[in-house]
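Q: I would like a close look at a single part of this structure, and then at what surrounds that part. Please take it step by step.

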Amino acid sequence: MSRQKELIAHLLDAFPPRAFPGEVTSHNCAECTAIRATLGGASWWSVPGSFIRQHSNHLPLLTQEAYKAFLPAWMCEAVSDPTGETAALLMVNLREGTFAPDFSQQESYAVIQVAKWIAENNGFGPEDPVNRESMARIMQKWEGQDA
Ligand SMILES: [Zn+2]
């Protein structure tokens with residue numbers, strides 16, 4: 001199994017796909033209406049990669065509950081294309097880690113594995129200063145939440 005497939009299998013284990021019945025976004029603009037139309041009642045696994053690429057910078061528009069439900073969809077797209085825009089923006093979002101405390105240890109572990117793999121495969125190399133700084137901050141935000 002390729003490392004990409006393995007990471008996606010980890011995501012499926014850590015975040016079993018289920019329909020999200022809650023509020024996707026509380027805002028009312030064209031973007032949020034489109035996001036609501038696609039994500040409302042959906043599971044992360046059913047969200048098309050093309051939708052994620054179109055909305056690569058829209059994770060911050062999601063409610064706290066929706067963020068937790070759909071972050072795996074953005075991670076899955078980033079794993080599929082580690083040099084793409086979704087992966088770059090995901091790293092920025094994970095650095096902020098606003099909702100990291102909501103994630104269990106197993107979920108956080110899956111997030112960290114994805115971030116590490118992106119840092120190793122986004123074309124800049126793991127020694128790149130930005131990758132190093134990103135990983136340091138992501139570890140700080142996402143590691144040991146249950147400790
Ligand atoms: Zn909006």
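Is Pro72 buried or exposed, and how many C-beta neighbours does Pro72 have inside 10 Å?

A: The model is a predicted one. Pro72 belongs to helix α4. Pro72 counts as buried because 26 C-beta neighbours lie inside 10 Å, and the cut-off for buried is 20 or more. Leaving aside neighbours within four places in sequence, Pro72 is in contact with Leu11, Phe15 and Trp44.

Helices α1 and α4 have axes 10 Å apart and pack at an angle of about 175°. The two helices are therefore roughly antiparallel to each other, since an angle over 145 degrees counts as such. On the α1 side, the contact is made by Gln4, Leu7, Ile8 and Leu11. On the α4 side, Pro72, Met75, Cys76, Val79 and Ser80 take part. Sorted by class, the residues of this contact are seven nonpolar, two polar and no charged.

Ala9, for example, is found in α1 and counts as exposed because 11 C-beta neighbours lie inside 10 Å; the limit for exposed is 12 or fewer. Ala9 and Ala30 are 21 residues apart along the chain, and their C-alpha atoms are separated by 33 Å.

Helix α4 also has a part in the largest nonpolar core. This core has 38 residues, and those that touch the most other members are Phe70, Trp74, Met75, Ala78, Val114 and Ala115. At least two residues of the core come from each of α1, α2, α4, α5, α6 and α7. Helix α4 gives the most, with eleven residues. In soluble globular proteins, nonpolar side chains tend to be buried together.

Apart from neighbours within four places in sequence, Ala78 is in contact with Thr86, Ala87, Leu90, Val114 and Ile118. Thr86, Ala87 and Leu90 are among the buried residues of α5, together with Ala88, Met91 and Leu94. The buried residues of α5 pack against α3, α4, α6 and α7. As for the length of α5, its twelve residues should span 16 Å at 1.5 Å a residue, and its end C-alpha atoms are 17 Å apart, which agrees. Just after α5 comes Gly97, with a positive phi of about 55°.

Next come α6 and α7. The axes of these two helices cross at roughly 180° and come within 10 Å. Helices α6 and α7 are therefore roughly antiparallel to each other. From α6, the contact uses Ser108, Val111, Ile112, Ala115, Lys116 and Ala119. From α7, the contact uses Asn131, Ser134, Met135, Ile138, Met139 and Trp142. By class, eight residues of this contact are nonpolar, three are polar and one is charged. Ala115, part of this contact, is also one of the core residues that touch the most other members.

Gln106 is found in α6 and is partly exposed because 13 other C-beta atoms lie within 10 Å. Gln106 and Ala14 are 92 residues apart in sequence, while their C-alpha atoms are 6.2 Å apart in space. Gly123 lies in the loop between α6 and α7. Gly123 is exposed, with 10 other C-beta atoms within 10 Å. Gly123 and Thr83 are 40 residues apart in sequence and 6.3 Å apart in space, C-alpha to C-alpha.

Notes
Residues are numbered from 1 along each chain as its sequence is written. This is a predicted model: local features need pLDDT of at least 70, side-chain atom pairs count only at pLDDT 80 or more; totals for chains, interfaces and linings use all residues. A nonpolar core is a set of buried Ala, Val, Leu, Ile, Met, Phe, Trp, Tyr and Cys residues joined through C-beta atoms within 7 Å. Helices (H or I, at least four residues) and strands (E, at least two) are DSSP runs, numbered from the N terminus. Two residues are in contact if their C-beta atoms, placed from the backbone, lie within 7 Å. Axes are lines fitted to C-alpha atoms, for helices over the stretch in contact, and angles run from 0 to 180 degrees between N-to-C directions. Angles under 35 degrees count as roughly parallel, over 145 as roughly antiparallel, 65 to 115 as roughly perpendicular and the rest as oblique. Ala, Val, Leu, Ile, Met, Phe, Trp, Tyr, Cys and Pro count as nonpolar, Asp, Glu, Lys and Arg as charged, and the others, Gly among them, as polar. The expected span of a helix is 1.5 Å times one less than its number of residues.
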